[in-house]
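Work through the exercises below with the model open beside you. Try each task before you read its solution.

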Amino acid sequence: MTGELEADERFERALFWRELAILLVIAAFVVAIAVLG
Amino acid sequence: MRDAIEWALTIVVLLGALPLVAGCYQFGLAGLHRFRRRTSGALDGEPRVAVVIPAWNEAAVIGRTIDRLVGLDYPAERLRVYVVDDASTDVTPDVVRAKAGEHPGRVFHLRREVGGQGKAHTLNHGLRQIRAEGWFEAVLITDADVIFTALSLRRMTRHLGDATVGAVTAYIKEGSRPSNALNRFVAFEYISAQAGARRAQNVLGAQACLAGGAQLLRRESLEAIGGLIDTSSLAEDTFTTFDVQLAGWRVVFEPHAIVWAEEPRDMAGLWKQRLRWGRGNVQVTMHYRRNWLRGRRIGRLGGASFALIWFSVLLMPLLMTAASAALVILYVLDREASIDAFRGLWALNLVTYLFITLSSFALDPEAARRSWREAIMFPGAISLAIIVVAAVPGLADDLPDALLLFTYVWLSASMLAAYLVRRLEATRCGWAARPLLYLVGYGPLLCAITAAAYLQEVRGREMAWEKTQKTGAVGDLA
């Protein structure tokens with residue numbers, strides 16, 4: 001069980017960085033559209 | 001005067017983006033889940049858990065569900081399963097009695113000789129019995145078709161180590177195998193509605209709903225709400241969730257406690273199930289009308305963030321229809337202004353679509369990979385085409401007037417189209433319904449059901465607990 005719980009916490013930590021990366025990609029996309037527009 | 005009207009109409013159009021803003025807000029919060037997640041706390045061993053399963057003619061699924069529950073990675077002497085048989089007319093009683101014989105002292109068959117009053121009454125029959133026995137420290141309310149993964153209950157109960165937690169819910173995933181297109185749409189919907197939204201609600205400190213198939217209640221919190229489940233509505237799980245929180249307890253979502261459930265395989269079944277949920281949500285909104293936006297006096301349920309999340313879903317059909325009408329009126333008054341408002345609304349739509357779709361792959365890579373086509377097509381091909389028109393500079397300006405008006409009307413007409421697709425499914429041309437669903441979109445179908453729920457509530461149509469038919473289609477997924 002301990003191993004599974006540690007994996008859960010690792011997933012939650014990684015999720016923060018993944019969400020941040022997605023936000024940055026979308027922000028870059030919006031800026032690109034705005035600049036091209 | 002004309003300027004004021006145009007501004008007012010533009011605001012109405014942009015209010016149509018409220019659900020999109022709320023969607024982005026929730027997925028943004030979901031990313032912060034690690035900072036609010038509390039899993040520490042002292043448990044003096046696992047609590048004694050009484051599992052309550054309401055069952056009416058569940059012979060196809062109940063035996064396997066019991067087997068999976070007694071086989072959970074949980075101390076056998078601390079887990080009992082009570083099947084409340086709601087006067088079943090099939091072989092459900094025989095199946096349950098056989099399981100009780102296989103697992104003496106662990107599986108119990110509780111029979112209601114007169115049934116048909118609905119799930120809440122059935123649950124209460126079981127709760128009365130369990131409370132009278134007094135053995136339990138926590139109760140797990142589930143459904144006859146729900147399959148718990150081996151460690152899911154342990155993952156849920158450990159939150160009870162925190163003395164402020166009154167109830168815990170799990171991540172219910174669509175488990176039909178082989179899955180059809182509708183199952184995959186539901187699978188993707190559940191990533192956003194559960195893995196995303198409920199993480200966000202953990203961060204906010206207020207949960208909208210304990211998933212009906214996985215409600216773990218601490219004994220004290222059950223007693224605090226009167227020891228029984230609300231029977232006055234079609235949303236007994238949401239009533240429980242609100243009541244527990246209003247009694248001062250926290251309700252927590254555990255995203256890694258995964259349970260599998262069988263969801264409807266056709267639009268008629270989905271419509272019936274979601275209409276019940278939609279009407280239940282309208283009833284909850286009215287019942288707790290004095291609690292909305294009341295601030296911290298009543299805990300996080302009274303916060304503006306929670307209200308934004310709740311009402312953006314509930315009011316989506318109204319907001320979409322109002323935005324659609326405002327765009328058409330704006331077009332009559334000032335074509336250019338209407339195009340600007342249209343582009344603003346659909347630009348937000350694009351950002352939301354990208355954010356939620358990509359986030360879903362981060363939240364549940366397994367389910368997202370399995371339903372990636374449905375993830376992309378969730379808004380429908382027509383809405384995706386409109387997003388492109390709005391996003392590409394100059395395209396909207398060059399559209400013929402008829403097409404431009406169509407894009408304005410589509411915001412609300414998509415719900416009507418989804419309703420017609422659902423009706424088509426029941427005809428000789430039913431084969432065309434699934435491809436048309438990809439064209440019209442699953443999102444508009446959900447909005448159409450919410451709109452239908454309003455109408456039924458306004459008309460005061462009699463509430464009937466219409467059970468979703470289960471066939472035992474959940475695959476071997478533990």
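Domain bounds here come from an automatic or database domain assignment. The model is predicted.

**Exercise 1.** State which residue ranges make up the domains of chain B.

Solution. Start with domain 1 of chain B: it covers 2-24 + 312-459. Then take domain 2 of chain B, which runs over 39-290. Now locate their centres, using C-alpha atoms: they are 33 Å apart.

**Exercise 2.** Describe the side of domain 1 of chain B that touches domain 2 of chain B.

Solution. Count the residues on each side. Domain 1 of chain B brings 27 residues to the contact, and domain 2 of chain B brings 21 residues. Here, contact means C-beta atoms, placed from the backbone, within 7 Å.

Next, find the helices on the domain 1 side. Those supplying at least two residues each include helix 14 (335-363), helix 19 (401-425) and helix 21 (442-459) of chain B. Helix 21 of chain B has the largest share, 9 residues.

Last, sort this side of domain 1 of chain B by class: 15 residues are nonpolar, 5 are polar and 7 are charged.

Key
Residues numbered from 1 in each chain as written. Chains lettered and ligands numbered in written order. Predicted model: local features only at pLDDT ≥ 70, side-chain atom pairs only at ≥ 80, totals over all residues. Contact = placed C-beta atoms within 7 Å. Helix = DSSP H or I, 4+ residues; strand = E, 2+ residues; numbered from the N terminus. Nonpolar A, V, L, I, M, F, W, Y, C, P; charged D, E, K, R; others polar.
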